[in-house]
Amino acid sequence: MKKEIYQNPFFKANPVTVLVLGICSSLAVTVKLEPACVMALSVTFVTGFSSLFASLLRNTIPNRIRIIVQLVLVSLFVILIDQFLKAYAYDVSKQLSVYVGLIITNCIIMGRIEAFALGNKPWPSFVDGIANGLGYGMILVALAFIRELLGSGTLFGHQIIPDGWYEAGYMNNGLIILPPMALILVGLFIWLQRGIQKELIEK
Amino acid sequence: MDYLSLFVKSIFVDNMIFAYFLGMCSFLAVSKNVKTAFGLGIAVIFVILVTLPINYLLNKFFLTPGAMSWISPALADLDLSFLSFIIFIAVIAAITQLVEMIVEKFSPALYSSLGIFLPLIAVNCAVMGASLFMQERDFANLGYATVYALGSGIGWFLAIVAIAAIREKLAYSNVPKPLKGLGISFIITGLMGIAFMSFMGIQL
């Protein structure tokens, strides 16, 4: 198996900053670290397994209705995740609200199935799915780290900024918790990455 | 809450893009010029407007706990709400496919101009998101659900046309090179989101 399959998604072809897939959920669940981590793991699970099964079924799915078949396949795994979260992590499941269901329409999953799993053997497809899920999770956790630390002064709900700072006049940045700042942060990430990787710069 | 206030609220206050980031993928991919953005926007309004009432009825009469008691009292304690994702997405994918076939048959010109975007609507988070918000908010009747569908579709349409117009002008401005294209679009969407936040708390 080629090295690129599991290396590229982390930096060179990151699903969020390079391929622009799965933006919807990456912005809405990154106010706190805990839901962001849960979301990252759930997406990794769903991408990995739906790529695996799509690849197993790739020769039997009629081309005309393949999107419906793929969506049904993906929603099976999302239902599993949703039921699991409701049973074992109810608070997080409430916080994520509709965004668990929206994993189905997360473009990363469909994007990877269409672009990779339909043309490759099951095992590389599975690895590709997992790697892309983790590449997406990486951005999610990085965003949530910045937003929770600067926005609420906590990490995983534990206070990090010492009380002394607040007494000295430090204030949490309320703006960074608001939705638009997530977009601006992703914009800055893209800027950073393209500054390092010149070949990605658009003409 | 009356119809008008729900309508205005779903366009501006609960805007699909600026408040919930739904449908960002196609929003960023298809907003390079106003003409295609306009076509995609109209198609999305249409698909939301058709699928959301269907999903509303399915949810009300089949999926919520005890909803099937109208068939026979024995089914009164049946709870099928765990199936809602699969049902919603199947309806959305099927309707999208149907719309694609109908447009292809009756208006080949429109089909060729929209062609590639039509099947993509099935994976547009805004369509699925609208159905899931409908389920979460538990609208009182079909009228509210339809008004909500129309409002959120129009909200998405406005957002994509606005950003496409800005991006067309942006081609002439001097943006730092690594920020060009994608990066600056994110930042502009963020700034527009801040502008849209001024609608928050509007009561009609």
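Me: Which residues does B:Phe27 touch, not counting residues up to four places away in sequence?
Reply: Quick note before the list: this is a predicted model, where local features need pLDDT of at least 70, side-chain atom pairs count only at pLDDT 80 or more, and totals for chains, interfaces and linings use all residues. Residues are numbered from 1 along each chain as its sequence is written, and side-chain values use heavy atoms, leaving out hydrogens and water. Contact here means heavy atoms within 4.5 Å. With residues up to four places away set aside, B:Phe27 touches B:Ile17, B:Trp156, B:Ala159, B:Ile160, B:Ile163 and B:Thr189.

Me: How many residues does the largest nonpolar core have?
Reply: Such a core is a set of buried (under 20% relative accessible area, 1.4 Å probe, protein chains only) Ala, Val, Leu, Ile, Met, Phe, Trp, Tyr and Cys residues joined through side-chain atoms within 4.5 Å. B:Phe27 and A:Leu71 are among those with the most contacts inside the largest one, which has 121 residues.

Me: Which helix gives the largest share of this core?
Reply: Helices are DSSP runs (H or I, at least four residues), numbered from the N terminus. The largest share is 12 residues, and they come from helix H8 (residues 142-170) of chain B.

Me: Are H4(A) and H4(B) roughly parallel or roughly antiparallel?
Reply: Take axes as lines fitted to C-alpha atoms over the stretch in contact, with angles from 0 to 180 degrees between N-to-C directions. The two axes come within 9 Å and cross at roughly 160°. Angles over 145 degrees count as roughly antiparallel, so H4(A) and H4(B) are roughly antiparallel.

Me: Which residues of H4(B) meet H4(A)?
Reply: The H4(A) side includes A:Leu71 and A:Asp82. Across from H4(A), the H4(B) residues are B:Phe85, B:Ile86, B:Ile89, B:Ala93, B:Ala94 and B:Gln97.

Technical notes. Chains lettered and ligands numbered in written order. Buried < 20%, exposed > 50% of the residue type's maximum accessible area, 1.4 Å probe, protein only. Helix = DSSP H or I, 4+ residues; strand = E, 2+ residues; numbered from the N terminus. Parallel < 35°, antiparallel > 145°, perpendicular 65-115°, else oblique.
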